[in-house]
Amino acid sequence: MSSELGYRSGGPAPAQLADVLERVLDKGIVIAGDIQINLLEIELLTVRLRLLIASADKAREMGIDWWEGDPFLAGRSQRRGLESRLKRLERASGLTDDDDDGGDE
Amino acid sequence: MIESPTATAWYVYGVVAADARPPDAVRLIEHDGLAAIAREVPLAEFGEDVLPLRLNDREWLGANVLAHEDVLHAFLDTGVVPLRFGAIYRDTREVERMLEARSAFFRSALVRLRGQVELGVKAWLVTPADPPASSSPAVGGRAYLERRRDQLTAARERVERATVIVADAHRRLLEVAVDGVVNRPQPPELTGRSDEMVMNAAYLVRRGDEAVARTLARLAPSSVDEGVEFELTGPWPPYNFVPADEEASR
């Protein structure tokens, strides 16, 4: 079997879902089906996933938020709110000049 | 039960050599020595009017993405060219036409990928346990700000050391792998883990080759001391290593 590296015993663990999503939605070759709209949707899906990987906030703006209700994927969201508030306070106080939340694509 | 021929379509997962043996859930649509791994799907789920909604249905998308991976996984031994999610055709004739149109590409990709699989290597910067709370809890704003600044400096230095460690790891892994790529680290919303992902790479190796695992095992002790933890996943179908299809944009 293929379990030599500890993957796949009874399907992927929740943490693996991110890896599967990344590969199946964003890697692999793109071949358009003949159902016209699908080409469009695949493109859209790909763009959306790239955005998600680039920035969850941007994806959220586009209305891609399915992970938020997911116990496996949502873990950090609330805490993040606190962190960014703290960061804003620090920036306002001139303590830090960091620019690490946002910026590059 | 809907019997109308227009009520289904064919979802294609990937392409293999025609002598591959498919698992029960799928069928091979053959054309001239190549075969598309395909499954008949209801248009009620994959039709143009419902697909946009489905894509944002986490349950549906998760289940179908996992199924896509499961199907391709069954072809790890024979070699497979993975397609991205969502190649859907009205009938088998159209699938054959697609194989015909890209015949040269699929043949060369199968030759290149034969006997090879992808391994994922991620590295995490593990958040250190909080230092014991200061013995002078209410020393005022200035002391708090200074302590906070020290913490930020320490965190920045940790990230810098981690960057050196993963760059070195990638260089060593490239030496033992056929090929390798570095992808953007996944955000915490996707990983569900509070530790920061500092490396998200994939390597192409011969099936059964354990050199990547051995290399990581060698790097682990010194990396862990710096808070860097490596994680190995796979084997995967070679999603990250399909050669570019020059015809794809036509």
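Keep in mind that the model is predicted, so local features need pLDDT of at least 70, side-chain atom pairs count only at pLDDT 80 or more, and totals for chains, interfaces and linings use all residues. Residues are numbered from 1 along each chain as its sequence is written, while chains are lettered from A and ligands numbered from 1 in the order in which they are written.

**Whole chain.** Select chain B: you'll find eight helices and eight strands (DSSP runs numbered from the N terminus, helices being H or I with at least four residues and strands E with at least two).

**Strands.** Next, pick residues 34-42 of chain B, strand E3. E3(B) pairs antiparallel with strand E1 (residues 8-17) of chain B over nine bridges; pairing takes at least two DSSP bridges between the strands. Now click Ala38(B): it is the bridge partner of Val12(B) and of Arg27(B). In the E2(B)–E3(B) hairpin, with two residues between the strands, look for Asp32(B), whose phi is positive, near 55°.

**Helices.** Move to H6 (residues 141-176) and H8 (residues 211-225) of chain B, whose axes come within 9 Å and cross at roughly 155°. Axes are lines fitted to C-alpha atoms over the stretch in contact, with angles from 0 to 180 degrees between N-to-C directions. H6(B) and H8(B) are therefore roughly antiparallel (angles over 145 degrees). To see where they meet, show residues including Ile165(B) and Leu173(B) in H6(B), and Val212(B) and Leu219(B) in H8(B); contact means C-beta atoms, placed from the backbone, within 7 Å.

How values were computed
Parallel < 35°, antiparallel > 145°, perpendicular 65-115°, else oblique. Contact = placed C-beta atoms within 7 Å.
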